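Please consult the sequence and the coordinates alongside the text.

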Amino acid sequence: MTFEIIALIKNVTVILISSIIILFLLKEGRLSRYFVVLFSLLNIILLGVEKIAFRKYLNFLRKRGRNLRTLLIVGAGEVGKNFYELIKHSSHFGYQMVGFVDDSIKPFLNGQFLGKIDELDNILNNNSRLF
């Protein structure tokens with residue numbers, strides 16, 4: 001969330017500087033620097049509020065099981081395990097974990113092992129309602 005706010009501030013700052021340069025080059029006297037700064041501050045505030053409200057609305061939908069994407073992880077090695085932990089602790093991403101496919105059953109899968117990688121076509125066909 002803070003990353004988005006920082007990116008928003010950077011973008012509005014670039015727009016502010018660009019606006020001041022363009023107004024200077026065009027020798028536009030009707031728009032004051034005060035107006036440009038005020039416009040930039042309002043941009044930051046209103047776009048920030050919009051982003052926060054939209055994020056809260058998405059979280060509200062996702063808690064009720066809507067706007068979710070299903071996810072099947074191929075490979076249950078270290079990378080797959082780390083990705084699973086990231087998804088599990090980051091519900092705001094909107095992923096619903098279906099399971100793992102790997103060459104062998106790993107102890108941490110807790111019943112989420114759907115089969116071997118060679119059987120991926122069959123797994124996808126048999127569980128088409130999940131994907």
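Does Lys88 count as buried, partly exposed or exposed, and at what relative accessibility? Lys88 counts as partly exposed, at a relative accessibility of 46%. The model is predicted, and the structure holds 3 salt bridges.

## The pair within helix 3

The side chain of Lys88 meets that of Glu85 in a salt bridge, with an N to O distance of 3.7 Å. Both residues lie in helix 3 (residues 78–89), where they are 3 residues apart, about one turn of the helix. Glu85 has a relative accessibility of 28% and therefore counts as partly exposed.

## The pairs between helix 1 and helix 2

Lys51 and Glu4 form a salt bridge through their side chains, at 3.9 Å from N to O. Because Glu4 lies in helix 1 (residues 2–25) and Lys51 in helix 2 (residues 33–63), this pair ties together parts that are 47 residues apart in sequence. Lys51 is partly exposed at 32% relative accessibility.

Glu4 also meets Arg55 in a salt bridge between side chains, with an N to O distance of 2.1 Å. This pair links distant parts of the chain, with Glu4 in helix 1 and Arg55 in helix 2, 51 residues apart. The relative accessible area of Glu4 is 22%, so this residue is partly exposed. Arg55 is likewise partly exposed, with a relative accessible area of 24%.

## Shared partners

How values were computed: Residues are numbered from 1 along each chain as its sequence is written. This is a predicted model: local features need pLDDT of at least 70, side-chain atom pairs count only at pLDDT 80 or more; totals for chains, interfaces and linings use all residues. Side-chain values use heavy atoms; hydrogens and water are left out. A salt bridge is a side-chain nitrogen of Lys or Arg within 4 Å of a carboxyl oxygen of Asp or Glu. Helices (H or I, at least four residues) and strands (E, at least two) are DSSP runs, numbered from the N terminus. Buried means under 20% relative accessible area, exposed over 50%, partly exposed in between (1.4 Å probe, protein chains only).
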